[in-house]
Amino acid sequence: MSWKMKRDLHKAQELLQMEVKTLPSACPTRWWSTLKLVKRFLENQLPICKTLLEYPNKKHLMLEGNEISALEDFTTATELLEDITSSLSGEQYTTRQLLLPLYMKIKK
């Protein structure tokens, strides 16, 4: 959350000709905030690594291949849960017509 690291991340994104976006913060009381953070991290792995390499005391924060793979698996599973939750948590009552497509999505 350092302003210097945010600045350097923006510079790295511009250097790599990427859209400049900040990393959202994860909050336990906001639904899906961790998912949004992980998705943004996966989109911006290169500029984040470049930024971390500029700070010798932050190199330990860089993730390894198996950790990134775990985040990708987490994203896939959690997006499915988000779809199910948003479909079932509408303002109207859930009908039986929604349950079969959701079951088929899970079954895949």
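**View 1. Length of helix H1 in the predicted model.** The 13 residues of helix H1 (residues 3-15) should span 18 Å at 1.5 Å a residue, and the end C-alpha atoms are 18 Å apart, which agrees. The expected span is 1.5 Å times one less than the number of residues; helices are DSSP runs (H or I, at least four residues), numbered from the N terminus. This is a predicted model, in which local features need pLDDT of at least 70 and side-chain atom pairs count only at pLDDT 80 or more, while totals for chains, interfaces and linings use all residues. Residues are numbered from 1 along each chain as its sequence is written, and side-chain values use heavy atoms, with hydrogens and water left out.

View 2. Met-5, Asp-8, Leu-9, Ala-12 and Gln-13 are the buried residues of H1 (under 20% relative accessible area, 1.4 Å probe, protein chains only). Seen down the axis of H1, these residues fall within an arc of 140°, so they line one face of the helix; the arc is that of the directions from the helix axis to the C-beta atoms. Their cover includes helix H3 (45-53). On the other side, Trp-3 and Glu-14 are exposed (over 50%).

**View 3. The ends of H1.** Ser-2 caps the N-terminal end, with a side-chain oxygen 3.2 Å from the backbone nitrogen of Lys-4. Gln-17, which follows H1, has a positive phi, near 55°.

View 4. Val-38, in helix H2 (residues 33-43), is buried, with a relative accessible area of 9%. Beyond neighbours within four places in sequence, Val-38 is in contact (heavy atoms within 4.5 Å) with Leu-71, Phe-74 and Thr-75.

How values were computed: Helix = DSSP H or I, 4+ residues; strand = E, 2+ residues; numbered from the N terminus. Polar contact = N/O pair within 3.5 Å; in protein donor to acceptor, adjacent residues only side chain to side chain.
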